[in-house]
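Please read them with the structure open.

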Amino acid sequence: MRFLPVNLTTLLVELADLDETLALFASLETDPVEGIVDMVPAARTLMIRFRAGKLTAETLAGEIATRDLSARIAPSDQLVEIPVRYDGEDLADVAELTGLSIEEVIRRHTESTFTVAFCGFAPGFGYLVGGDPALQVPRRQSPRTRIPAGSVALAGAFSGVYPQASPGGWQIIGTTPEKMWDLSRDPPALFQPGHRVRFFDMATRPVTASPAPVKAAALPGTATAAVTLKVLAAPMPALFQDLGRYGQTGQGVSSSGALDRGALQAANRVVGNVTGTPCLEIILGGFSFEASGRAVIALTGAPCPIAIRDATGRTFSADTYQPVSLESGDVVTVGQAPSGARSYLAIRGGFKVKPVLGSASTDTLAVVGPDPVTAGAVLIVEEESGALTSVSLTEAPAFAFPVPGETVTLDVVMGPRSDWFTEAGIASLSGQLFQVTPQSNRVGIRLSGETALERKDKAELPSEGTATGAIQVPHSGQPVLFLADHPLTGGYPVIGTVAEYHLDLAGQIPVNAQIRFRPVTTFADVRPAKA
């Protein structure tokens, strides 16, 4: 058992195999350690996030080191049957790799009873174990940029079903019409950890299509006195965000949330809301809306100019980080920010938005949360005012927002996979500048450096949990800095992770800025504290 640092509040426990991983996961769920916030099980690791005020990495490692890992989890009574058309693009390749006929591959796959070991990669993606060992095949050498939803695939000891169209390197052997992820279902993920799964061939056992659910007719709308904001322009869709979606890792759903949490909290304090109230995250300005009644708004984050035109046509400006009073008919236009990347719009009382899985955050990778806000949308303001406090006049940015061309320094905790890189690779992480490319988004900042980060070998890393701020290095050697919408698990080594106190700054770095990584630790295994 190894204990590897991820960041200042996250530990990666490396175990011998999947059985030990699941045994430790079950042990910590049955007899929890106070201070653990979240756990992400994977092929042979368990990533654990903890509260710094309750635990240290050393004391947590000491607690875990004494756990009995010999117990095995009893199989669930829940059996899920999945119909499959065995028409996958890689079916013939799988047959060749295994030395079996195509018919034998199908037979062995349908006669296996799998177990959902854990979920990750994407919401509803279950890693299935227990299949016929003869079907163990490596990932494709060249991953596909798009695998259709419903693809049934193999990789190593695992089988799985892609819940949505996404890139991937697994070997596709068939497709299923079943929806693996459906927000109208409770829970949305068809596969839950512990479920048993069997596949059957639709060529020999036809499936009768279920009738589509009939939607109830909408009731006639009633007049409302609530204030609304009608969106007039949104060059880039704005997104509802709050402080994140937690407790859903069992379904493969990461936390998401505002990329600059401090700016979101400040916007809410300015208007007197609870600090975690959903706001609109606006990218690069250009957003415009008309108010239907009196309201108080605030804009924080990237310092966009604010212009307000009243019903008489008079125009005046307003400042960021200050409360702004609106009257009916006022049109607000948010200009382009000279620095930073994201601004946060709060309104006193909050927006009336329906949470999804306990949060109003929009996760762009998982496609979970409220719809993006585009021109023509009408946003309703909550009328409930019981939790409101007085507006704050003393808010200010927590840091200077970076501009294109500027160099931003981010502190990095080395690990958990620094030892997968050569000394030259480690040196080149902090010894050069990385350009922020236009391919960056809420999933991650794609970087380009003059020197690729050199690995020791081309070994394949079993999928393991990844944290926000992880610097993941694919085979190209050009790193990706994961932001809030990153996948829950990943299969490339993470050389280091940006310290939590610099994540808000990372979320404000614009395209064409440069990043310098500054390691604040030297990589070493975490030593368990003695009881």
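**Notes on the predicted model**

1. V367 is exposed, with a relative accessible area of 59%. The cut-off for exposed is over 50%, so V367 qualifies. V367 sits in the loop between β23 (342-347) and β24. Its backbone deserves a look: phi of V367 is positive, about 55 degrees, although the residue is not a glycine. Most residues other than glycine have a negative phi. Bear in mind that this is a predicted model.

2. Y321 also has a positive phi without being a glycine, here about 60 degrees. Is Y321 buried or exposed? Y321 is buried, with a relative accessible area of 5%. The limit for buried is under 20%, so Y321 falls within that class. Y321 belongs to the loop between β20 and β21 (324-326).

3. One runs from D186 to P187, with omega near 0 degrees. P187 is in the loop between β12 (171-175) and β13 (196-201). Another runs from G415 to P416, with omega near 5 degrees. P416 is in the loop between β25 (407-414) and α6 (423-430). As background, most peptide bonds are trans.

4. Next, a sheet. Six strands form an open sheet in the order β20-β19-β22-β17-β14-β24, and the pairing is antiparallel. Its edges are β20 (315-318) and β24 (378-380), each of which pairs on one side only. On average, neighbouring strands of this sheet are turned by 25 degrees against each other, direction ignored.

5. The β19 and β20 pair can be followed residue by residue. Strand β19 covers residues 306-309 and is joined to β20 by four bridges. The two strands run antiparallel. I306 has A318 of β20 as its bridge partner. In general, strands of a sheet pair through backbone hydrogen bonds.

6. F158 lies in strand β10 (residues 158-161). Its relative accessible area is 14%, and F158 is buried. Which residues does F158 touch, leaving aside those up to four places away in sequence? They are L18, A43, F118, Y127, L128, V129, A153 and W170. F158 and V137 stand 21 residues apart in sequence, with their C-alpha atoms 9.0 Å apart in space.

7. The largest pocket has a volume of about 1300 Å³. Its lining counts 43 residues, and F121, P143, P167, G168 and Y492 lie nearest its centre. At least two lining residues come from each of β8 (144-147), β11 (166-168), β27 (444-449), β30 (480-482) and β31 (489-490). β11 gives the most, three residues. By class, the lining of the largest pocket holds 20 nonpolar, 16 polar and seven charged residues.

8. The second largest pocket holds about 700 Å³ of space. It is lined by 33 residues; R49, Y246, S255, T468 and L503 are the closest to its centre. Which element gives the most to the lining of the second largest pocket? That is β3, with three residues. β3 (36-41), β4 (45-50), α5 (261-271) and α7 (503-506) each supply at least two. The lining of the second largest pocket divides into 12 nonpolar, 15 polar and six charged residues.

How values were computed. Residues are numbered from 1 along each chain as its sequence is written. This is a predicted model: local features need pLDDT of at least 70, side-chain atom pairs count only at pLDDT 80 or more; totals for chains, interfaces and linings use all residues. Side-chain values use heavy atoms; hydrogens and water are left out. Buried means under 20% relative accessible area, exposed over 50%, partly exposed in between (1.4 Å probe, protein chains only). Contact means heavy atoms within 4.5 Å. On a 1 Å grid over the protein atoms alone, a cavity is a set of points where a 1.4 Å probe fits but cannot get out, and a pocket is an open set with protein on both sides within 12 Å along at least five of seven lines; lining residues have an atom within 4 Å of a point. Grid points are joined across faces, edges and corners, and a volume is the space filled by probe spheres set on the points. Ala, Val, Leu, Ile, Met, Phe, Trp, Tyr, Cys and Pro count as nonpolar, Asp, Glu, Lys and Arg as charged, and the others, Gly among them, as polar. Two strands pair if DSSP finds at least two bridges between them. Axes are lines fitted to C-alpha atoms, for helices over the stretch in contact, and angles run from 0 to 180 degrees between N-to-C directions.
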